[in-house]
Amino acid sequence: MLEIKHLETLTAIRNFGNLQEAADHLSVTQSALSHQLRDLENRLGTSVLNRRTRPARLTTAGLRILALADDILPKIKSTERELQKLAAGNTGRLHLAIECHSCFEWLMPALDAYRQQWPQISLDLSAAFSFAPFPALRRGDLDLVITSDPVRSENIDYIPLFKYELVVAVSAANPLSQKRYIKPQDLANQVLITYPVDKDRLDIYSTFLEPADIEPAATRTAELTPMIIQLVNSNRGVAALPNWTLTDYVNQEWLKICHLGTPPGIWQTLYAAVRSEDRRASYIQAFLTLAREICFKNLSGIRAS
């Protein structure tokens with residue numbers, strides 16, 4: 001029964017004290033304003049204005065609607081202003097989730113730089129390892145997901161960030177360290193150390209082991225990349241990781257790298273997933289540009305997509 005125009009009308013009557021000035025403020029005639037009030041009273045079955053007093057005063061019902069107007073109208077105005085800024089690309093929200101444990105290394109510097117350049121954007125970051133991020137992206141709970149495992153879906157675009165090689169890190173004491181390229185069968189007697197995520201979300205399975213119907217001898221998990229590297233270095237297993245995460249460790253001869261399959265190895269693409277309607281938003285485009293710049297400046301072994 002209630003419409004925004006009714007809230008605005010009662011607010012104007014309260015603010016200006018009479019129907020004529022209220023009508024002038026709302027850019028309608030006094031007759032049209034009176035007609036609108038009577039229509040509202042017919043809908044409600046009660047009066048909102050006591051016309052026998054001079055000036056006319058709001059009834060109890062009118063005051064109740066006015067209280068609603070004082071609560072709702074400022075929120076509407078605020079949202080309208082935000083939408084205008086959003087349409088102009090001057091503000092927005094960027095809530096991210098990340099499916100790549102090792103990506104924190106480059107993402108945090110990218111977010112720090114982005115905050116300085118776009119302070120008006122509301123930023124939030126969560127790890128998408130304990131929930132399904134793509135339904136959250138479709139619902140609008142998230143605005144961007146970093147992933148190497150696209151789940152094709154209507155109204156979600158996957159924007160390539162860069163390509164990286166998936167490699168296996170082994171201890172120098174491991175016999176595999178003598179091989180430049182390994183086959184799936186070479187991992188059949190190895191302990192595979194992974195991040196604590198579902199098997200079907202691990203590239204080493206989907207792209208290398210499962211097509212050959214091979215399973216490692218055993219698996220174990222570790223939360224952080226340095227923990228995985230320490231386990232590999234002590235020859236307690238092997239780990240499949242993006243090539244750029246291993247640069248510093250290989251340079252220090254803590255471990256060796258084995259490429260997968262045959263040259264040129266297995267290369268994956270890291271994507272930013274966004275809703276199709278938001279892809280062209282200036283603040284999202286700015287984040288993608290900045291993220292690529294920081295990645296290609298700081299990461300070794302990656303390629304343009």
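Buried means under 20% relative accessible area, exposed over 50%, and partly exposed in between, using a 1.4 Å probe and protein chains only. Keep that at hand for the exercises below.

The model is predicted, so local features need pLDDT of at least 70 and side-chain atom pairs count only at pLDDT 80 or more, while totals for chains, interfaces and linings use all residues. Residues are numbered from 1 along each chain as its sequence is written, and side-chain values use heavy atoms, with hydrogens and water left out.

**Exercise 1. Describe the aromatic pairs around Phe162.**

Step 1. Start with burial: Trp106 and Phe162 are both buried. Phe162 counts as buried because its relative accessibility is 0%, and Trp244 is buried because its value is 4%.

Step 2. Recall the rule: rings of Phe, Tyr and Trp (its six-membered ring) pair if their centres lie within 6.5 Å; planes under 30 degrees apart are stacked, over 60 edge-to-face, and the rest tilted. A search of the whole structure finds 8 such pairs.

Step 3. Apply it to Trp106 and Phe162: the ring centres are 6.3 Å apart and the planes stand at 75 degrees, so this pair is edge-to-face. Trp106 lies in helix α5 (residues 104-117) and Phe162 in strand β6, so the pair ties together parts 56 residues apart in sequence. Helices (H or I, at least four residues) and strands (E, at least two) are DSSP runs, numbered from the N terminus.

Step 4. Turn to Phe162 and Trp244: this aromatic pair is also edge-to-face, with 6.4 Å centre to centre and 80 degrees between the planes. Trp244 sits in the loop between β10 (239-242) and α9 (247-251), 82 residues from Phe162.

**Exercise 2. Is Asp149 buried, exposed or partly exposed, and which residues does Asp149 touch?**

Step 1. Locate Asp149 in the loop between β5 (144-147) and β6.

Step 2. Classify it: Asp149 is partly exposed because its relative accessible area is 23%.

Step 3. Name the partners: not counting residues up to four places away in sequence, Asp149 touches Phe134, Asp200 and Arg201.

Step 4. Compare chain and space: Asp149 and Asp200 are 51 residues apart along the chain, and their C-alpha atoms are separated by 9.9 Å.

**Exercise 3. Which residue has its charged end over the ring of Trp267?**

Step 1. Identify the residue: the charged end of Arg303 sits over the Trp267 ring, 3.7 Å from its centre.

How values were computed. A charge sits over a ring if NZ of Lys or CZ of Arg is within 6 Å of the ring centre and within 35 degrees of the ring normal. Contact means heavy atoms within 4.5 Å.
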